[in-house]
Amino acid sequence: MGRPRAFDEDEAVRAAVGLFGGRAYDGVSVDDLVSHLGVHRNSLYKTFGSKRGLYLIALRRHLADDVRPLLDALAGASDAAAALRLVTSADLDLLLLAAIERAPVDEEVASEVKTALAAVDQAIADALGVPADLAAALTAAALGILLRGNPDNAATALTQHLSPLT
């Protein structure tokens, strides 16, 4: 009979979201996971299969815990500026890193990222009653602001010019 699991899988996945969201997939070693998650190496492999297996579970958790609430909030956006503020204030670090680092080399990650971004686009389009291509442009602008760290208060400058859109 095997030993009982000595760690909380849910806590380990949440911690992995933070670790991968802060340092990206290639910036996190299995040793980092073992030490930061409090999981024995054998338990990590037995539970998650591999570092990539844990990464996919963490990415899906991030989408459920961070992106899904954003979609719900976007449903109440009254204008483009409000939508932009919601996206730029959301915790989307892991989604951005996944889009940049893993999606180009991992089809499963690419599919998750594409689906999540399409959902953000659709939520904006539905809330604002704008065409899908304009919603996608707003999403791209917001993600660019997040990626660049809001240089020169770009989000505020952009929101000042968005009022004619809605």
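**Entry 1: the overall pattern.** I read along the sequence and found that the protein chain follows the pattern α-α-α-α-α-α-α-α-α. That comes to nine helices and zero strands. I noted how these get assigned: they are DSSP runs numbered from the N terminus, with helices being H or I over at least four residues and strands being E over at least two.

**Entry 2: ground rules.** This is a predicted model, where local features need pLDDT of at least 70, side-chain atom pairs count only at pLDDT 80 or more, and totals for chains, interfaces and linings use all residues. Residues are numbered from 1 along each chain as its sequence is written, and side-chain values use heavy atoms, with hydrogens and water left out.

**Entry 3: the whole chain.** I looked up the extent of the C-alpha trace, and along its principal axes it spans about 65 × 30 × 25 Å. How much of the chain is buried? Buried residues are 42% of the 166 in the protein chain, where buried means under 20% relative accessible area, exposed means over 50%, and partly exposed is in between (1.4 Å probe, protein chains only). The chain exposes about 8700 Å², and carbon and sulfur atoms supply 52% of that. Those areas come from the Shrake-Rupley method with a 1.4 Å probe, and for residues only the protein chains shown count as cover. I also checked contacts (heavy atoms within 4.5 Å). Among those with a separation of 6 or more, 68% are between residues 24 or more positions apart.

**Entry 4: α1 and α2.** Helix α1 (residues 9–23) packs on helix α2 (residues 30–37) at about 130°, with the axes 10 Å apart. Axes here are lines fitted to C-alpha atoms, for helices over the stretch in contact, and angles run from 0 to 180 degrees between N-to-C directions. The two helices are therefore oblique to each other. Which residues of α1 meet α2? I found A12, A15, A16, L19, F20 and R23 in α1, meeting D32, L33, H36 and L37 in α2. By class, that contact has seven nonpolar, one polar and two charged residues. Ala, Val, Leu, Ile, Met, Phe, Trp, Tyr, Cys and Pro count as nonpolar, Asp, Glu, Lys and Arg as charged, and the others, Gly among them, as polar.

**Entry 5: α6 and α7.** The axes of α6 (residues 93–102) and α7 (residues 107–128) come within 10 Å and cross at roughly 135°, which makes α6 oblique to α7. This crossing is left-handed. L95, A98, A99 and R102 of α6 meet V109, V113, A116 and L117 of α7. I sorted the contact into seven nonpolar, no polar and one charged residues.

**Entry 6: α5 and α8.** Helix α5 (residues 80–89) and helix α8 (residues 132–148) have axes that come within 9 Å and cross at roughly 40°, so α5 is oblique to α8. Their crossing is right-handed. A80, L84, V87 and T88 of α5 make the contact with L138, A142, L143, I145 and L146 of α8. By class I get eight nonpolar, one polar and no charged residues.

**Entry 7: one alanine.** Where is A64? A64 sits in helix α4 (residues 51–74). With a relative accessible area of 44%, A64 is partly exposed. A64 and A116 are 52 residues apart in sequence and 9.8 Å apart in space, C-alpha to C-alpha.

Terms used: Parallel < 35°, antiparallel > 145°, perpendicular 65-115°, else oblique. Left-handed = near helix turned anticlockwise from the far one by under 90°.
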